[in-house]
Amino acid sequence: MASEICKTISVARLEKHKNLFLNYRNLHHFPLELLKDEGLQHLERLYMKRNSLTTLPENLAQKLPNLVELYLHSNNIVVVPEAIGSLVKLQCLDLSDNALEIVCPEIGGLRALRHLRLANNQLQFLPPVPHCGPQSAMLCAAPSLPAAQPQ
């Protein structure tokens, strides 16, 4: 299975694919092949639903800088790294059906973000949104949760 994933990623890199489907692959770790060398600079949409991922790499934004959509629902992700805030082109992020307890405040700084799905996690509260505008709609993703109070 690992060699099949490496081959899929290598072809995507070589042919400069904009979409990559790694759904239902029983992945326990983010594939290192995705982060190799310069990463996949042309990739805009990454689908990794229904795997067993628990974390995301810190260098995700460096290696996949043009991501517009990232689908990670139905994994076991506990923490979203602060580096997610560096995905400046990200418009859609699906983290529903994971094991999230906390969402880092950096997610509120994603100015291009239009769709944030957080349903069916273990969130106690949402981070404060640093500016008003379209992102305030992200609070609708989990309307029953209070926003974090500034310390």
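1. Let's start with a cysteine: Cys104 is buried, at 8% relative accessibility. (Buried here is under 20% relative accessible area, exposed is over 50%, and partly exposed is in between, using a 1.4 Å probe and protein chains only.) Cys6 is partly exposed, with a relative accessible area of 33%. The structure has zero disulfides, a disulfide being a pair of cysteine sulfur atoms within 2.5 Å.

2. Some ground rules before going on. This is a predicted model, where local features need pLDDT of at least 70 and side-chain atom pairs count only at pLDDT 80 or more, while totals for chains, interfaces and linings use all residues. Residues are numbered from 1 along each chain as its sequence is written, and side-chain values use heavy atoms, with hydrogens and water left out.

3. On confidence: pLDDT is the predictor's confidence in each residue, from 0 to 100. The protein chain has a mean pLDDT of 87, with 84% of its residues at 70 or more. The stretch to watch is residues 132-141, where the pLDDT is below 50. In the model, that stretch still has 18 contacts beyond near neighbours in sequence, a contact meaning heavy atoms within 4.5 Å. Where pLDDT is low, the predicted coordinates should not be read in detail.

4. Now the overall layout. The protein chain has three helices and five strands, in the order α-β-α-β-α-β-β-β from the N terminus. (Helices are DSSP runs of H or I with at least four residues, strands are runs of E with at least two, and both are numbered from the N terminus.) Of the 151 residues in the protein chain, 46% are buried. Looking at contacts with a separation of 6 or more, 40% come from residues 24 or more positions apart.

5. The aromatics deserve a look. There are two aromatic pairs in the structure. Phe21 and Tyr47 have ring centres 4.4 Å apart and planes at 10 degrees, so this pair is stacked. (Rings of Phe, Tyr and Trp, the last by its six-membered ring, pair if their centres lie within 6.5 Å; planes under 30 degrees apart are stacked, over 60 edge-to-face, and the rest tilted.) This pair links distant parts of the chain, with Phe21 in strand β1 (residues 19-21) and Tyr47 in strand β2 (residues 45-47), 26 residues apart. Phe21 is partly exposed at 47% relative accessibility, whereas Tyr47 is buried at 18%.

6. Tyr47 turns up again in the other stack. Tyr47 and Tyr71 are stacked, at 4.8 Å centre to centre and 5 degrees between the planes. Tyr47 is in strand β2 and Tyr71 in strand β3 (residues 69-71), so the pair ties together parts 24 residues apart in sequence. Both Tyr47 and Tyr71 are buried.

7. Next, the core. The largest nonpolar core has 38 residues, and Phe30 and Leu46 touch the most other members. (Such a core is a set of buried Ala, Val, Leu, Ile, Met, Phe, Trp, Tyr and Cys residues joined through side-chain atoms within 4.5 Å.) Helices α1 (2-14), α2 (32-35) and α3 (60-63) each supply at least two of its residues, and α1 gives the most, with three. Not counting residues up to four places away in sequence, Leu46 touches several residues, among them Leu20, Phe30, Leu34, Leu67 and Tyr71.

8. Two serines in loops are worth a click. Ser96 sits in the loop between β4 (92-94) and β5 (115-117) and is buried, with a relative accessible area of 10%. The side chain of Ser96 makes a polar contact with the side chain of Asp94 at 2.6 Å. (A polar contact is a pair of N or O atoms within 3.5 Å; within protein, one must be able to donate a hydrogen and the other to accept it, and residues adjacent in sequence count only if both atoms are side-chain atoms.) Leaving out residues up to four places away in sequence, Ser96 touches residues including His73, Ser74, Arg117 and Asn121. Ser52 is in the loop between β2 and α3 and is buried too, at 17%. Beyond its neighbours within four places in sequence, Ser52 is in contact with Asn26, Leu27, His28, Asn75 and Asn76.

9. Last, a backbone check. Lys16 has a positive phi of about 55 degrees although it is not a glycine; Lys16 lies in the loop between α1 and β1. Asn26, another residue other than glycine, has a positive phi near 55 degrees and is found in the loop between β1 and α2.
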